[in-house]
Amino acid sequence: MAALLLLKQPCRPAARTWTTRTRNDTALQPVTSITYLRTGRSAAGAVKLEEGGTDDEWLAYLEPAKLEVFDQLEPWAEANVVPLLKPAEVAWQPSDLLPDPASLGADGFHAACCDIRARAACLPDAHLVCLVGNMVTEEALPSYQSMANRFEAVHDLTGSSGTAWARWTRGWSAEENRHGDVLNRYLFLSGRVDMPQVERTIHNLINSGMVLKAARSPYHGFIYVAFQERATSISHGNMARRAKEHGDLALARICGAIAADEKRHELAYTRIVGKLFEVDPDGAVRALAYMMRRRIVMPASLMNDGRDGDLFAHYGAVAQQAGIYTASDYRSILEHLIKQWGVEELAAAGLSDEGRRARDYVCALPQKIRMLEEKAHQRSAQKAQPIKSASFSWIFDRPVRITMA
Ligand SMILES: [Fe+2]
Ligand SMILES: [Fe+2]
């Protein structure tokens, strides 16, 4: 999991509300509600506002009849999703991709570290910023495992549950854990970044959490993660290519290994959502439209280094400029998923009126995004854009050129 930007800046939540709720609860019980205190809204209203805006659409996905789908699909998940995990014995580990002080000895380790520093010295600042942003995103894994355990019906009820869904989430988290680890160690050894500032950003991000619409619905959640895994695969894959172009083969291997993991994760989540399209096409397409209408906001949107109030936007702008992750990627991911899930082929007869509207909206969206891209391209071709830059504390406040939408 990782990645960045999107078409517009995400909204930061105005306030936080902590709630307790069990699967059979009908009443949400706020523990603390700043929203409620400030506005005088009812407690349930405050929770709704916090969790999903002003609409109730996604809450219907928490009805028992809807959630039973996941109980019924558990044997399918056991056979089709869990096997996509790689056991620790065969999975790569960060130590496989970085110098090992124990086997190299003091001199050998020193020489290997010097080699890393020399190669990393060739990386442009823009790529370094993208790499740090990707690493910071990966390091906020506690938020993502918590996210997956908020999805009703598939969460890990005990922390060591034996269900296929819970074992998948733990195995996925274990694989993800290596991504932040290996990038963090590489950047530490590279000597090119301000590690205390990077570490503060990670600390702040985990502290802030993440933004996810319809946070407890497994339909919406799995759609989000499927999109997200493909986005991270693209981002790390592009980073691997850039690293290779600049002669940093160690970094290219690291990013390539992460990208391959993300691809496998994408396959798992795409498969799960594909199954939902098979067993409940109307529910699945409406959930997809819901998520796309609100845009897929990337998980590190709340990143904060304590200095730059627009850090995430600036990081996204550098990624766009450097071709690591762009608005075109956002569109191409959507096009890919529409194809994977056969959205265009969904028969009208199997859909409600709202389902048909959702299908038509989703299928028309890539073209709309493409037109916006073309307009933006034409505007920049007709009129010279002012050169802007942003300073990043991660690289000792050096400025990096950016393109802001
Ligand atoms: Fe990851
Ligand atoms: Fe992943």
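Q: How many of the 13 residues of α13 are buried?

A: A residue is buried if 20 or more other C-beta atoms, placed from the backbone, lie within 10 Å of its own, exposed if 12 or fewer, and partly exposed in between. Eleven of the 13 residues of α13 are buried, so the helix is largely enclosed by the rest of the structure. This is a predicted model, where local features need pLDDT of at least 70 and side-chain atom pairs pLDDT 80 or more, while totals for chains, interfaces and linings use all residues. Residues are numbered from 1 along each chain as its sequence is written, and chains are lettered from A and ligands numbered from 1 in the order in which they are written.

Q: What covers the buried residues of α13?

A: Helices (H or I, at least four residues) are DSSP runs, numbered from the N terminus. Among those covering α13 are α3 (64–72), α11 (218–245) and α16 (353–382).

Q: Which residues of α10 are buried?

A: An α-helix has 3.6 residues a turn, so residues three or four places apart point the same way. In α10 (residues 195–208), the buried ones are Val198, Thr201, Ile202 and Leu205. They cover an arc of only 100° around the axis (taken from the directions from the helix axis to the C-beta atoms), which puts them on the same side of α10.

Q: Which exposed residues does the face of α10 turned away from its buried side carry?

A: That face carries Pro196 and Asn207.

Q: What residue follows α10?

A: Gly209 follows α10, and its phi is positive, near 85°.

How values were computed:
Helices (H or I, at least four residues) and strands (E, at least two) are DSSP runs, numbered from the N terminus. The expected span of a helix is 1.5 Å times one less than its number of residues. Two residues are in contact if their C-beta atoms, placed from the backbone, lie within 7 Å.
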